[in-house]
Amino acid sequence: MDEEFDFTDKVPPSFDRMENVIKDAEAKGFNPGLIVLLVVVGLLLIFLVGNYVLYIYAQKTLPPRKKKPISKKKMRKERLKQGVSAPGE
């Protein structure tokens, strides 16, 4: 058990391979497809969030829509359906 091991100048093979992978990744840079994908997803996300913010703002600030006026003919028909006679008839 008196054996002394000297590992100061040796690197385990698994760490040696990882070092090469890291160097290759730095040399190549980002994948162009990934950059395009991130840009498209980012723009889509900004668009959707912007639409939601504008929708909430419009709901709070714009007055409610006015209903279309009902014509006299339609009012008479509705009253006849309900069984109430229109005045003057």
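The accessible surface of the protein chain comes to about 9700 Å², and 65% of that belongs to carbon and sulfur atoms. Accessible areas come from the Shrake-Rupley method with a 1.4 Å probe; for residues, only the protein chains shown count as cover. This is a predicted model: local features need pLDDT of at least 70, side-chain atom pairs count only at pLDDT 80 or more, and totals for chains, interfaces and linings use all residues. Residues are numbered from 1 along each chain as its sequence is written, and side-chain values use heavy atoms, with hydrogens and water left out.

**Confidence**
- The protein chain averages a pLDDT (the predictor's confidence in each residue, from 0 to 100) of 79.
- A score of at least 70 is reached by 63% of the residues.
- Confidence is highest in α2, at a mean of 96, and lowest in helix α1 (residues 13-28), at 61.

**Fold and burial**
- The protein chain has 3 helices and 0 strands. Helices (H or I, at least four residues) and strands (E, at least two) are DSSP runs, numbered from the N terminus.
- Of the 89 residues in the protein chain, 1% are buried. Buried means under 20% relative accessible area, exposed over 50%, and partly exposed in between (1.4 Å probe, protein chains only).

**Nonpolar patch**
- F30, L34, I35, L37, L38, V39, V41, L43 and I46 form a nonpolar surface patch, with about 920 Å² of accessible area together.
- L38 sits in helix α2 (residues 32-61). Its relative accessibility is 57%, so L38 counts as exposed.

- K68, K73, K74, K77 and K81 form a positive surface patch.
- K81 lies in helix α3 (residues 72-82). K81 counts as exposed because its relative accessibility is 67%.
- α3 lies largely in the open, because 0 of its 11 residues are buried.
- Just after α3, G83 takes a positive phi of about 95°.

Key: Patches are made of residues with over 30% relative accessible area and no salt bridge: like charges are joined within 9 Å, nonpolar side chains (Val, Leu, Ile, Met, Phe, Trp, Tyr) within 5 Å. A salt bridge is a side-chain nitrogen of Lys or Arg within 4 Å of a carboxyl oxygen of Asp or Glu. Lys and Arg count as positive and Asp and Glu as negative; His and the chain ends are not counted. The place of a charge is taken as NZ of Lys, CZ of Arg, CG of Asp or CD of Glu.
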